[in-house]
Amino acid sequence: MMSVNLPPGFCFSPTDEELLLHFLYPKTSLPCHPNIIPDLDLSLHDPWHLNGKALSSGNEQYFFSRAKENRSTENGYWKEIGLTEAIVSASEKVGLKKYLVFNLGEAPQGTETSWFMQEYHICSSSFSTASSGSTRGRRKSDQCRSKWVLCKAYEKKSCEGQQGVNCEKDENDSGTELSWLDEFYMSLDDDIEEVMSLPN
């Protein structure tokens, strides 16, 4: 398989809205539309094998995959963590973003890892179709759009052992080690607090 890399000096850093409208929507609606993001079978690739196969940008790996309930691989499985965000464009909901964590072993007794994934879904009802006058045409188009998702996988690095990184414990720390999922939720809470503190 050909490696997908950006030229030196280029950084692929689209917003959630751009990923949906400029990459996932054309993928689901225009089969011949050129796209720099490759198609991968999620079940054939553990997350640490994505580099060189997905579109790599820094620590993030972008790829299209068929939408499926079973996200198992040879060595583990992707598990939804129960967090879903709506993606809005021009005051209209255009898609969803689901968060997943990779677990080693078989479900449901797998061991949580530091690999996370954001899975983007099109809300097909938000888009008009060429056959808007036909109920049958709309239903067929909706089913087509549900076949593909856009995935962004990345490893959440631990600060342990890294120089120049503040890893001081909180004064109220009981000594209980936080899981990657706990740290992930904490980082989301920090982002939300930062947004809420901004002036209107």
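Residues are classed as buried when their relative accessible area is under 20%, as exposed when it is over 50%, and as partly exposed in between, with a 1.4 Å probe and protein chains only. The structure is a predicted model, in which local features need pLDDT of at least 70 and side-chain atom pairs count only at pLDDT 80 or more, whereas totals for chains, interfaces and linings use all residues. Residues are numbered from 1 along each chain as its sequence is written, and side-chain values use heavy atoms, with hydrogens and water left out.

The mean pLDDT of the chain, that is, the predictor's confidence in each residue on a scale from 0 to 100, is 77, and 64% of the residues reach 70 or more. Over residues 128–144 the pLDDT stays under 50, and the model has 12 contacts (heavy atoms within 4.5 Å) beyond four places in sequence for this stretch. Residues 161–177 likewise have a pLDDT below 50, with four contacts in the model beyond near neighbours in sequence. Where pLDDT is low, the predicted coordinates should not be read in detail.

Secondary structure elements are DSSP runs numbered from the N terminus, with helices (H or I) of at least four residues and strands (E) of at least two. Six strands form an open sheet in the order β1-β2-β6-β5-β4-β3 with antiparallel pairing, two strands being paired if DSSP finds at least two bridges between them. The edge strands β1 and β3 each pair on one side only, and neighbouring strands of the sheet are turned by 25 degrees against each other on average, direction ignored. Between β3 and β4 (residues 92–104) the antiparallel pairing extends over 11 bridges, and the bridge partner of Y77 in β4 is N103. Helix α1 packs on the sheet, where it touches β2, β3, β4, β5 and β6 (148–155), and its direction makes about 70 degrees with that of β5; axes are lines fitted to C-alpha atoms, for helices over the stretch in contact, and angles run from 0 to 180 degrees between N-to-C directions.

A nonpolar core is defined as a set of buried Ala, Val, Leu, Ile, Met, Phe, Trp, Tyr and Cys residues joined through side-chain atoms within 4.5 Å. The largest such core has 15 residues, and L24, I37 and L150 have the most contacts inside it. At least two residues of this core come from each of α1, β2, β5 and β6, with α1 supplying the largest share, four residues. Neighbours within four places in sequence aside, I37 is in contact with F12, F23, L55, Y62, F63, F64 and L150. A second, separate core of 13 residues includes W78, W115, M117 and V149.

Eight salt bridges are found in a search of the whole structure, each being a side-chain nitrogen of Lys or Arg within 4 Å of a carboxyl oxygen of Asp or Glu. In one of them, the closest N and O atoms of D41 and K68 are 3.4 Å apart; this pair links distant parts of the chain, 27 residues apart, with D41 in the loop between α1 (16–29) and β1 (55–57) and K68 in the loop between β2 (60–66) and β3 (76–89). D41 counts as partly exposed because its relative accessibility is 32%, and K68 is likewise partly exposed, with a relative accessible area of 29%. R71 and E119 form a salt bridge with an N to O distance of 2.9 Å, and both residues are buried.
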